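Welcome! Try each task by eye before you read its solution.

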Amino acid sequence: MPKKTTVCTAIPYVNSVPHIGNILTDLCGDVTARYFRMRGDDVFFQVGTDENGLKIKEAAEKEGRDPHEFVAEITGRFKSIFVATRISYDDFIRTTDPRHIKASQALFSKLEENGHVFLGVYEGWYDVSTETFFREEDLVDGKSPDGNEVRWVSEENYFFRLSSFGDQLLAHIEANPNFIVPSNRKNEVISFIKQGLRDISITRKNPGWGIQVPGREDLVIYVWFDALINYIASAGWPDAGWEKKWPAKVQWVGKDILVRFHATLWPAMLLGIGLPLFETVAAHGWVLLGGEKISKSKGQVVRPLELAEEFSAKAGISQDLAVDVLRHYLTATMSMEGDSSFTYEDFDQRYNSDLANDLGNALNRTLSMAHKFVGGVVPDADVEAEAVVAIQRAKDSFVAAMVEYQIPKANEAAMGLVRFLNKYIDTRAPWALAKNSDPALSSVLRSMLLTIRAAEGLMRTFIPIGADAVSAQLNVSPTTHWDQIGSVDSLPVGTQLNQPQPIFPRLDLNKKMENQETPAPAPKPIEPKPQPVAAKEVVTSQITIEDFMKVDLRVARVIEAEPAEGSDKLLKLQLDVLGEKRQVVAGIKANYDPIDLIGRQVVMVFNLKPAKLRGIESQGMLLAAVDGAGGAILLQPEKETPEGAKVR
Ligand code: MSP
């Protein structure tokens, strides 16, 4: 039977609507599933919800709701959030599904049959918030190690002989270096197991909610024990055909549920019934908000769709693209080894630097120059070795990252290729090649086009909608297969390219900065200096810093330049600035050939009232020094600077 590549994700509790931390586990699963699909695998991607806990029942009761109705509603919300955030799942399993109940009871009975379950008296402290038992010595100031309230439980329960699986688990971890990633988490698991595993109570007194223990109406299966079974229930176990989808290639979890549950209890359960173990469990760090784990129970949350909606209005992009921004942000900033912190400022800045600037410039410059210099058609020329190598390196780094499920490194590999492209354009300077009629021009343009096409393929796993927009501007279908990335056939010679359109327009962060209470710097006293003789002629009345600040000076990039009709002094320029195209008419023809200006950065007065020069609208003014002959020498930032950067 052909095997599926199964990708699993920890299933969230449905005691409340999801936040961006819950989404992270599913997002990591989604990026992984999309990546394996591109590699040509037949992927089976499971997601779902964990619905049987006491915590869920109590959450429903608190709202005076019937638990069935309550979980159905919250699960519905999870589902619609997964759809809206483009979590491309194949199966959504609920632990209240009959198939899950059947698998849970079957696994319980099988373990019992195999002698791994015994009846005993359980006494201990129970933390409902994490559905975990603790010993007296584990408590800190009468609370769980996480600071949650605990309650005393003493009842007759079934136990699982977890203690007898320690050596087998250690041997498996040692023999399979990729069984637990990242390695710092693996070390935590090893030391936890080496301290000695304790048998674990796997049933509870029936509170009228949960999966009944086979043959014991008075008991239900402990919620963690049943929840873990969802992975094989989703694959179809114990019914025929499950072997096609199991063992899973990778299971995604957050670091909080790795050591006790996914790296010890779960594999021990599988060993106990003789099923093969999943290949890898990958644990990601937490997303912190205000220095703390985002937590539904602590009420500190950022919800994914609300965030996307707000951002879509702020940036003037569709809700779908705003979801991409969130997907990019989370996967770029997340940490596998540690935690990451969410802030709104960081979110905006990351958007501007990665998507508006780096990706936006690379695409816009590539397409503008292709239109300017080769009529907007992919030229028939070789791709330069530099670009071939850069694409191959980016692919290799992506693959190497994904072997260890290092999602942020894979994201960096994709973004790195975009940044390479911007540097390549700067150093190969197609405008200079055009001016000198250098035959390398076509190759450089072909290389730029192939690189942006390859970046579209690599970024697709993170920003599927943004990637669609890139391929649409290149006038080719979306990349579907890994081998297309970097292949010259992925963007055939002769393809008629579309005009560049900003996909992620730049956000004006300065507006916010003006609102912040940072006082404007006091003007420095000017040191008296010997005045050049000519200064007398140019002394003008003094202005205050406030006057000066009224002039909004910005860095812009020339994307098109041509002589202004009917004038022997003026050039008509199209500038890229703050995500928009501005037309400026400048009296610089005496000193500049239009072709020299394309691709070059300039400084402009951004808030100048539009005016007509020789009947052509000019929406700003360029800064230039005046040379001895009264001609203009354009000012340019000393280093490449993001378009739209403020000048003062
Ligand atoms: N129901 C259990 C998992 C059972 S799997 C058999 C559970 N649910 S949860 O809702 O608390 O968490 C669901 C996922 O979200 C987990 O992978 C968890 O680690 C992750 N996160 C929840 N809050 C998080 C952050 N603030 N940051 C990152 N991920 C965290 O645990």
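**Exercise 1.** Which strands does helix α4 lie across, and at what angle does the helix run to β11?

*Solution.* Before you start, note that this is a predicted model: local features need pLDDT of at least 70, side-chain atom pairs count only at pLDDT 80 or more, and totals for chains, interfaces and linings use all residues. Residues are numbered from 1 along each chain as its sequence is written, and side-chain values use heavy atoms, with hydrogens and water left out.

Step 1: find α4 at residues 98-113. Helices (H or I, at least four residues) and strands (E, at least two) are DSSP runs, numbered from the N terminus.

Step 2: Axes here are lines fitted to C-alpha atoms, for helices over the stretch in contact (heavy atoms within 4.5 Å), and angles run from 0 to 180 degrees between N-to-C directions.

**Exercise 2.** Work out the strand order in the sheet containing β9, β10 and β11.

*Solution.* Step 1: this open sheet of three strands has the order β9-β11-β10, with antiparallel pairing. Two strands pair if DSSP finds at least two bridges between them.

Step 1: the edges are β9 (203-205) and β10 (212-213), each pairing on one side only.

Step 2: β10 is joined by two bridges to β11, at residues 216-221. Across this pair, Q212 stands opposite V220 in β11.

**Exercise 3.** Describe the open sheet of four strands.

*Solution.* Step 1: read the order as β5-β4-β6-β8; the pairing is antiparallel.

Step 1: turn to β4 (residues 117-127) and β6 (residues 151-160), joined by ten bridges. Here F118 stands opposite F159 in β6.

**Exercise 4.** Explore the surroundings of the ligand.

*Solution.* Step 1: 26 residues surround the ligand (a heavy atom within 4 Å). The closest are I11, T25, D50, D256 and V287.

Step 1: sort the shell into 13 nonpolar, nine polar and four charged residues.

Step 2: look for polar contacts (pairs of N or O atoms within 3.5 Å). An N or O atom in the side chain of T25 is 2.9 Å from a ligand oxygen, while a backbone N or O atom of Y13 lies 3.1 Å from an oxygen atom of the ligand. A polar backbone atom of G21 is 3.1 Å from a ligand nitrogen.

Step 3: check the cover; the ligand alone exposes 650 Å², and the protein buries 97% of that (Shrake-Rupley method, 1.4 Å probe).

Conventions:
A polar contact is a pair of N or O atoms within 3.5 Å; within protein, one must be able to donate a hydrogen and the other to accept it, and residues adjacent in sequence count only if both atoms are side-chain atoms. Ala, Val, Leu, Ile, Met, Phe, Trp, Tyr, Cys and Pro count as nonpolar, Asp, Glu, Lys and Arg as charged, and the others, Gly among them, as polar.
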